[in-house]
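The stops below are given in the order in which they may be selected.

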Amino acid sequence: MLPIGAPGTIPAAVDAGTPTDEARAGCSRGAAREFAICDAALALLAEVGYDRMSMDAVAARAHASKATIYRHWPGKRELVLDAVRSRVADIVEPPDTGSLRGDIITTLRVMADGIGGQDAALMAGVLRAMRSTPDLADCVRNQVLERKRYIGRLLVERAVARGELPPDADADVWHEVAPALMFFRILVTDDPVDDAFLTHVADDVLVPLLVRSGQAIALQEKK
């Protein structure tokens, strides 16, 4: 995620997302062609789903010959896997605002921009395809979801260093709760992701859960 925060138009402060026009301009002609083919595959995945997309349709959307596509990918499964991987860039540090609350709100806002952007339909298409394509499911879990755990770990590590959280605070709280809340808000209820909602999630859900997770572990260790 997908977000997984999910791929999408996400500022470099959290996730690089799709290669920029500048990055593509510096690529070789062959690499630029591969980017275009991957983009076409993802667009069709979002529009018609994995089962209905075809290599012929990808070739037409990318203005490429089927021979060019088959030189790089033996079939649809391999192409979709590479296309998903092309949207997963190395995650850099999320913004450090000086407080856990500020870090959470800022990071959630960036997640909302990505989930609510042009890739929302793509995320839904990938999730559907994961049910019938084990390799794609493994790719998403290992290369997308697992990388997103880094954000939660870093937010918690910073908060522990500041003395805002107990040393044993469970970083998985972020990974398990934050994406679910954001996905439901944006993709299901379609309610606004405004400052009031982000503040509610930070103050009433995530910060209390993170604090309690550390306290619960400390109590268990004392018994």
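A residue is called buried at under 20% relative accessible area, exposed at over 50%, and partly exposed in between, with a 1.4 Å probe and protein chains only. The model is predicted: local features need pLDDT of at least 70, side-chain atom pairs count only at pLDDT 80 or more, and totals for chains, interfaces and linings use all residues. Residues are numbered from 1 along each chain as its sequence is written, and side-chain values use heavy atoms, with hydrogens and water left out.

**The whole chain.** Begin with a cartoon view, which shows 10 helices and zero strands; helices (H or I, at least four residues) and strands (E, at least two) are DSSP runs, numbered from the N terminus. Of the 223 residues, 45% count as buried. The accessible surface, from the Shrake-Rupley method with a 1.4 Å probe and, for residues, only the protein chains shown as cover, comes to about 11100 Å². Carbon and sulfur atoms account for 52% of that surface.

**R158.** Select helix α8, residues 134–162, and within it R158. Is R158 buried or exposed? Its relative accessible area is 11%, so R158 is buried. Now display the residues that R158 touches, leaving aside those up to four places away in sequence: E93, P94, P95, D96 and D103. Contact here means heavy atoms within 4.5 Å.

Move to residues 55–62, where M55, V58, A59 and A62 of α3 are buried. These residues lie on the same side of α3, because they cover an arc of only 100° around the axis; the arc is that of the directions from the helix axis to the C-beta atoms. Next, select H63, which follows α3 and lies in the loop between α3 and α4 (66–72). The phi of H63 is near 55°, a positive value in a residue other than glycine. H63 counts as exposed, with 70% relative accessibility.

Select α9, residues 172–189, and pick out F184. At 48% relative accessibility, F184 counts as partly exposed. Finally, select D190 in the loop between α9 and α10 (195–222). D190 is not a glycine, yet has a positive phi of about 60°. With 62% relative accessibility, D190 counts as exposed.
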